[in-house]
Each structure stands twice: as C-alpha cells, then as structure tokens.
Amino acid sequence: MIAILDYNAGNIKSVQNALNRLGYASIITLNRDELLKAEKVIIPGVGEARSAMKFLIENGLDSFIPTLKQPVLGICLGLQLLCKRSEEGNTPCLGIFESIVKLFPPQDIIPHMGWNNFSKVQGTLMQGIKPLQDFYYVHSYYATISKDTKSVCNYILPFSATLEKDNFFATQFHPEKSDSIGETVLKNFLEL
C-alpha cells in the first residue's frame with residue numbers, strides 16, 4: 001500500500017489517480033500508524049510553505065517524517081518542504097535536503113509554468129530519462145543546487161529538478177501531470 005500524506009495541500013487526488021492508472025493501491029492519510037505500515041510514502045502538493053509547515057508541526061509530523069525508513073517521495077511543494085528552509089514566509093522546513101528554497105527573480109516572469117527539460121539528469125528516479133524529455137512544472141520558488149541534487153532544470157537560473165538522499169527522493173516537476181514520461185519516474189520510485 002502506498003500512503004499519500006494528507007496535509008491540506010492541493011493536487012493530492014491527481015497523485016492518487018496516477019497511482020491508480022499504474023495499478024497501485026493507495027490511501028490518503030496523516031495517520032502515523034498507516035504511514036509507518038506503508039510500503040512507500042508520497043508527499044505531494046501545490047500550496048504555500050509556511051501554512052504547510054504549520055500544519056505538519058501542529059500534527060507532530062515535522063519530527064515524524066524524517067524518521068521514516070521506507071522510500072519517501074516529495075513532489076513540488078513536497079520537495080520544498082523536505083529542504084532546509086524556504087524564503088516563502090521565511091519558513092524552516094524538514095531539513096532532509098541541504099537545498100534552500102528561494103523565490104525566482106525577477107517576479108514578473110513567474111511562476112515557472114509549463115513544460116521544461118533538464119541540463120543534467122542523474123539519480124534513481126531518472127533511470128531511463130534523457131535530458132531533452134519534458135516534464136510539467138508550476139512553481140514560483142525553487143530549490144538551490146546542493147550535494148543532494150541529482151537532476152538540474154534551467155528556468156531563469158539552474159535549480160534542483162530532483163533531489164535524493166538515503167530513502168528520500170523528490171521532484172520539483174509534477175510526474176503525475178507529465179504524461180507517460182512522468183509515469184516512468186513514478187514507476188522508478190514505486191519499484192524501489
């Protein structure tokens with residue numbers, strides 16, 4: 001069973017629908033026992049870092065999530081929450097990845113919305129993916145390049161498209177909205 005973390009962020013049902021298309025059963029939950037028992041945990045999301053972290057703290061999940069031992073995938077806001085901190089609301093985040101989340105400059109050409117490819121493609125999630133294949137993005141904040149960066153995308157400047165550390169994985173793009181190429185990334189995670 002795949003657990004999708006329910007923390008009042010948007011886009012959670014899209015992730016569940018993508019898992020259903022791939023033949024994986026999933027539950028949407030914030031119950032710790034269900035999260036612990038899950039084979040994999042996904043932290044999807046469209047939203048705002050400060051309110052998302054506030055919800056995680058209020059529910060004791062800020063200290064719980066880093067203790068998970070099974071593979072964990074953060075998507076979009078989920079990636080940002082797994083980073084050290086975010087400029088969005090000057091928010092301390094979960095600190096799994098060394099990256100800092102910053103606002104794209106200049107603000108008149110954000111959000112980064114639409115299809116984009118990579119200048120560097122590496123890592124477990126990106127097996128079978130080539131640099132010129134496009135994925136769907138929608139975000140105004142980006143994760144800086146760090147030692148955890150596996151894939152890099154360019155929009156205004158280079159940023160972390162995927163991050164990996166131990167059992168934690170993350171994508172800034174939305175694999176669930178990126179057609180069959182996105183399904184490849186989800187399968188790479190689900191088959192760990």
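This is a predicted model: local features need pLDDT of at least 70, side-chain atom pairs count only at pLDDT 80 or more; totals for chains, interfaces and linings use all residues.
## The chain as a whole

The chain contains six helices and 13 strands. Its radius of gyration is 15 Å, close to the 16 Å that the globule rule gives for 192 residues, so the chain is as compact as a globular protein of that length. If you draw a box along the principal axes, the C-alpha atoms fill roughly 40 × 35 × 25 Å.

How much of the chain is buried? Of the 192 residues, 54% are buried. The accessible surface comes to about 8,200 Å², and carbon and sulfur atoms account for 49% of that surface. The contacts also tell us how the sequence folds back on itself: among contacts with a separation of 6 or more, 68% join residues 24 or more positions apart.

## The annotated active site

Next, a feature that comes from a record. An unreviewed UniProt entry carries the annotation "active site" for Cys-76, His-174 and Glu-176. These residues are spread over 101 residues of sequence, yet they cluster in space, with a largest C-alpha distance of 10.9 Å.

Where does Cys-76 sit? You will find Cys-76 in the loop between strand E4 (72–75) and helix H5 (77–81). Its relative accessibility is 5%, under the 20% limit, so Cys-76 counts as buried. Beyond its neighbours within four places in sequence, Cys-76 is in contact with Gly-45, Val-138, His-139, Thr-171, Gln-172, Phe-173 and His-174. That list includes another of the annotated residues, His-174.

His-174 also lies in a loop, this one between strand E13 (168–171) and helix H6 (179–190). At 1% relative accessibility, His-174 counts as buried. Setting aside neighbours within four places in sequence, its contacts are Asn-11, Gly-45, Val-46, Ile-75, Cys-76, Tyr-136 and Val-138.

## Gln-80, in helix H5

Now move along to helix H5, where Gln-80 is found. Gln-80 is buried, with a relative accessible area of 5%. Which side chain does the side chain of Gln-80 meet in a polar contact? The partner is the side chain of Gln-172, at 3.2 Å.

Not counting residues up to four places away in sequence, Gln-80 touches Glu-88, Cys-93, Val-101, His-139, Tyr-141, Tyr-142 and Gln-172.

## Aromatic rings

Aromatic side chains are another thing to look for. The chain has 10 aromatic pairs. In one of them, the rings of Phe-104 and Tyr-155 have centres 5.4 Å apart and planes at 85°; an angle over 60 degrees counts as edge-to-face, so this pair is edge-to-face. Phe-104 lies in the loop between strand E7 (100–103) and strand E8 (112–116), while Tyr-155 is in strand E11 (residues 149–155), so the pair ties together parts that are 51 residues apart in sequence.

Is Gly-182 buried or exposed? Gly-182, placed in helix H6, is buried, with a relative accessible area of 0%. Leaving out neighbours within four places in sequence, Gly-182 is in contact with Phe-135 and Pro-175.

For a contrast, look at Lys-37 in helix H2 (residues 32–37). Its relative accessibility is 72%, over the 50% limit, so Lys-37 counts as exposed. Lys-37 and Lys-84 are 47 residues apart in sequence, with 26 Å between their C-alpha atoms.

Key. Residues are numbered from 1 along each chain as its sequence is written. Side-chain values use heavy atoms; hydrogens and water are left out. UniProt positions are given in the numbering used here, feature names are shortened, and annotations may be inferred rather than shown by experiment. Helices (H or I, at least four residues) and strands (E, at least two) are DSSP runs, numbered from the N terminus. Buried means under 20% relative accessible area, exposed over 50%, partly exposed in between (1.4 Å probe, protein chains only). Contact means heavy atoms within 4.5 Å. The radius of gyration is taken over C-alpha atoms; the globule rule is 2.2 Å times the number of residues to the power 0.38. Accessible areas come from the Shrake-Rupley method with a 1.4 Å probe; for residues, only the protein chains shown count as cover. Rings of Phe, Tyr and Trp (its six-membered ring) pair if their centres lie within 6.5 Å; planes under 30 degrees apart count as stacked, over 60 as edge-to-face and the rest as tilted. A polar contact is a pair of N or O atoms within 3.5 Å; within protein, one must be able to donate a hydrogen and the other to accept it, and residues adjacent in sequence count only if both atoms are side-chain atoms.
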